[in-house]
Amino acid sequence: MDIEIRFLEEVTVVEIAGSVDSLTAETLIGAMLGELDRDRARLVADFSRVEYISSAGLRALLATLKDARRRGGDLRLASVSPPVLRVLEISGFTSILNLFTDVDAAVVSFAVN
Amino acid sequence: MKAAAGPSAGQAMTCEAVRASLPGLMRFAIEASARAGLDQDTAQAVRLAIEEACVNVIDHAYAQGEPGPITVSIRSEPARVVIEIADRASRFAPDQAPAPDLGADWESRPVGGLGWHLIMTVMDEVSHEYEPGAGNRLTLVKHLHN
């Protein structure tokens, strides 16, 4: 898994490529919580190049989401692929996560709120 | 760490049940699915179930003592794929794993505890046997829709 971080004004976009699983989840959560610790609590995770997620990845997403919302921000997902969406659905995550069709829509959503 | 493949005997891999073995176990799951010619959705389900089951064995089943062996085998049949995960740990009772509350709001949702739920959801049949001295054998079946 590769992670690239870029900034669009107050929003941090975390671009993820690869699998979010038991081997990589700790790296992802470290990167996202690092942004929260820098008072950047508006996160968009670009999932367009993620084809696989397991419960370890779900843990990383939920831990980040909780931390971000408690700081007044959020973690929002963009461009989730069908196999990843299926895991989010059967885990009940689609009712607590905000999903967007692409990164632009997720970034703009922070300005609307 | 050793792996064996054969069209009639299926494919199997045995290694020590430690975190350092996870990359090899997960690579085995992906490559065995490819060799068996599984479709993408089935291969994803097999990969997910094997990862979650192996993590359970590594992190929980052997937690009380020294790590021992774990064997993962995959057998593809015309109408189904059968996965077996065997260990020599103390008895693991998967039916006692608490069911997650999938309707809870984000604040009360616990972080973790979804691995067994994912296995139960993506697989069509799940059974567990324990034999003192021999250990646990978890059998997972995914039906194929040809």
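Start by selecting B:Val57: not counting residues up to four places away in sequence, B:Val57 touches B:Ala17, B:Tyr62, B:Ile70, B:Ile85, B:Asp87 and B:Ala89. Here, two residues touch, or are in contact, if their C-beta atoms, placed from the backbone, lie within 7 Å.

A word on what you are viewing: this is a predicted model, in which local features need pLDDT of at least 70 and side-chain atom pairs count only at pLDDT 80 or more, while totals for chains, interfaces and linings use all residues. Residues are numbered from 1 along each chain as its sequence is written, and chains are lettered from A and ligands numbered from 1 in the order in which they are written.

**Next stop: B:Ile85**

Now click on B:Ile85, one of the contacts of B:Val57. B:Ile85 lies in strand β4 (residues 80-87) of chain B; strands (E, at least two residues) and helices (H or I, at least four) are DSSP runs, numbered from the N terminus. Is B:Ile85 buried or exposed? B:Ile85 is buried, because 24 other C-beta atoms lie within 10 Å (20 or more count as buried, 12 or fewer as exposed, and in between as partly exposed). Show B:Leu138 too: B:Ile85 and B:Leu138 are 53 residues apart in sequence, yet 5.1 Å apart in space, C-alpha to C-alpha. Other residues that B:Ile85 touches include B:Ala53, B:Cys54 and B:Val72.

**The core**

Select B:Val46, B:Ala49, B:Cys54 and B:Val57, which have the most contacts inside the largest nonpolar core, a set of 73 residues. Such a core consists of buried Ala, Val, Leu, Ile, Met, Phe, Trp, Tyr and Cys residues joined through C-beta atoms within 7 Å. Helix α2(B) gives the most to this core, with 12 residues.

**Two helices side by side**

Colour α1(B) and α2(B). They pack at an angle of about 155 degrees, with their axes 9 Å apart; axes are lines fitted to C-alpha atoms, for helices over the stretch in contact, and angles run from 0 to 180 degrees between N-to-C directions. That makes α1(B) roughly antiparallel to α2(B) (the term covers angles over 145 degrees). Among the residues making the contact are B:Leu25 and B:Ala29 of α1(B), and B:Val46 and B:Cys54 of α2(B).

**Last stop: chain A**

Finally, show both chains: 20 residues of chain B are in contact with 18 residues of chain A. On the side of chain B that touches chain A, α1 (22-35), α2 (40-61) and α3 (115-122) of chain B each give two or more residues. Which of the elements gives the most? It is α2(B), with 6 residues.

Conventions: Parallel < 35°, antiparallel > 145°, perpendicular 65-115°, else oblique.
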